[in-house]
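Reader: Hi! I'm new to this one, could you walk me through it?
Author: Happy to, let's have a look together.

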Amino acid sequence: MIYYKLIIAFIFTIFMVDVSMAQSMAQSNEKLIIAHRGASGYLPEHTLPAKAMAYEMGADYIEQDVVMTKDDKLVVLHDHYLDRVTDVQEKFANRKREDGRYYAIDFTLAEIKSMKVSERYRFNDAGEKIAVFPGRYPLNGSDFSVPTLEEEIELIQGLNKSTGRDVGIYTEVKSAAFHLSEGKDLSKAVLMVFKKYGYLTKQDKAYYQTFEIEDLIRVHNELLPELNIDIKLIQLMGGDEYYKEMITQAGIKKLATYADGIGPSLGMITASDDGGETYQLTDLVKNAHAAGMDVHPYTFRKEKFATPKFVDSFEELLDLFLNKIGVDGVFTDFPDLAVQFRDAK
Ligand code: G3P
Ligand code: CA
């Protein structure tokens with residue numbers, strides 16, 4: 001009888017372990033939908049309304065690009081310039097540098113808060129503002145401002161409390177070397193905010209991402225030990241010479257000793273030599289997975305002009321990368337469509 005009970009207990013234990021492993025694998029196999037600059041397909045990028053909308057659309061993570069102000073405050077802006085998403089030219093005409101650009105680092109937080117944020121624009125030959133994505137939110141509509149990193153984290157954590165969900169932050173430090181050259185340690189300041197808001201371990205829902213190779217090495221080797229935290233690190237990469245060594249099989253193995261994943265451009269995975277009519281699958285995803293790293297490519301957009309020609313639709317693009325190639329997550333301007341696509345399986 002005792003022998004019989006032991007067998008039952010053994011089978012039960014195996015069953016529970018199997019269930020637990022299956023649940024754990026299901027969680028780790030879930031493809032992440034990362035709201036690129038928020039729900040930026042619908043509202044001006046990096047504004048709090050765009051982040052709240054992305055949250056409501058079901059994004060798993062919401063992205064912040066971060067730069068520093070003259071008075072050492074962290075603000076959420078795509079890059080260290082103000083002159084493609086704000087009205088800085090109208091308000092501070094004489095504050096541009098010799099290259100004609102307006103640098104966030106030359107303005108206090110109060111000055112930046114006095115600017116209005118609009119949908120991203122460029123200038124045409126006549127010097128007029130033209131929307132980069134003409135089908136999106138109108139230029140200069142309503143009243144949007146530049147948020148601080150802390151305001152954005154408080155929004156996300158506040159929604160996590162009120163909804164019971166657990167949406168993460170996916171924070172990119174922009175131009176760390178430039179900030180250091182200006183006497184500002186942006187990377188350390190961002191990590192201190194992570195620590196302040198409870199993002200301490202790799203189990204917490206936060207990623208640190210950067211395009212700069214030296215920055216990620218410094219974060220891993222110096223800053224995380226100094227601050228006594230250990231969060232997930234992502235090496236962003238583009239298709240230029242700077243990453244040539246890193247994307248070899250040996251380079252990827254070395255990267256995996258300090259990074260948890262990579263964030264490549266789409267073209268680094270689906271290379272094309274005929275203007276995007278066709279593509280060749282590179283070894284990047286295979287090598288990254290073999291080295292134990294996740295792959296979160298950017299940027300998935302539904303506009304035809306922003307989609308590779310070798311697919312006919314946004315859904316086909318998602319299917320190719322999420323299901324056929326098997327990446328682990330996507331940065332997208334349209335988190336609603338990506339969540340719907342993923343969850344319809
Ligand atoms: O950080 C991933 C993706 O956002 C990189 O591109 O230029 O939009 O920051 P970018
Ligand atoms: Ca980014």
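Author: First a term: a residue is near a molecule or strand if one of its heavy atoms lies within 4 Å of it. This is a predicted model, where local features need pLDDT of at least 70, side-chain atom pairs count only at pLDDT 80 or more, and totals for chains, interfaces and linings use all residues. Residues are numbered from 1 along each chain as its sequence is written, chains are lettered from A and ligands numbered from 1 in the order in which they are written, and side-chain values use heavy atoms, with hydrogens and water left out.

Reader: Thanks! Which residues are around ligand 1?
Author: They are His36, Arg37, Glu63, Asp65, His78, Glu172, Lys174, Gln209, Phe211, Leu236, Tyr298 and Phe331.

Reader: How far is the side chain of His36 from an oxygen atom of ligand 1?
Author: An N or O atom of the His36 side chain is 2.7 Å from a ligand 1 oxygen. For Lys174, a polar side-chain atom is 2.8 Å from an oxygen of ligand 1, and for Gln209 the distance is 2.6 Å.

Reader: New topic, helices! What angle do α2 and α5 pack at?
Author: Helix α2 (residues 48–56) and helix α5 (residues 149–163) pack at about 30 degrees, with axes 10 Å apart. That makes α2 roughly parallel to α5 (angles under 35 degrees count as roughly parallel, over 145 as roughly antiparallel, 65 to 115 as roughly perpendicular and the rest as oblique). Helices here are DSSP runs (H or I, at least four residues), numbered from the N terminus. Axes are lines fitted to C-alpha atoms over the stretch in contact, and angles run from 0 to 180 degrees between N-to-C directions.

Reader: And which residues in α2 meet α5?
Author: Leu48, Lys51, Ala52 and Tyr55 do, and their partners in α5 include Leu155, Ile156 and Leu159. Contact means heavy atoms within 4.5 Å.

Reader: Where does α7 come in, and how does it cross α5?
Author: Helix α7 spans residues 186–196, and its axis comes within 11 Å of the α5 axis, crossing at roughly 30 degrees. The two are therefore roughly parallel to each other. Leu149, Glu150 and Ile153 in α5 meet Val190, Val193 and Lys196 in α7.

Reader: Last one: what about α12 and α13?
Author: Helix α12 (residues 314–325) and helix α13 (residues 335–343) pack at about 60 degrees, with their axes 11 Å apart. That makes α12 oblique to α13. On the α13 side, the contact is made by Leu337, Ala338 and Phe341.

Definitions and conventions:
Polar contact = N/O pair within 3.5 Å; in protein donor to acceptor, adjacent residues only side chain to side chain.
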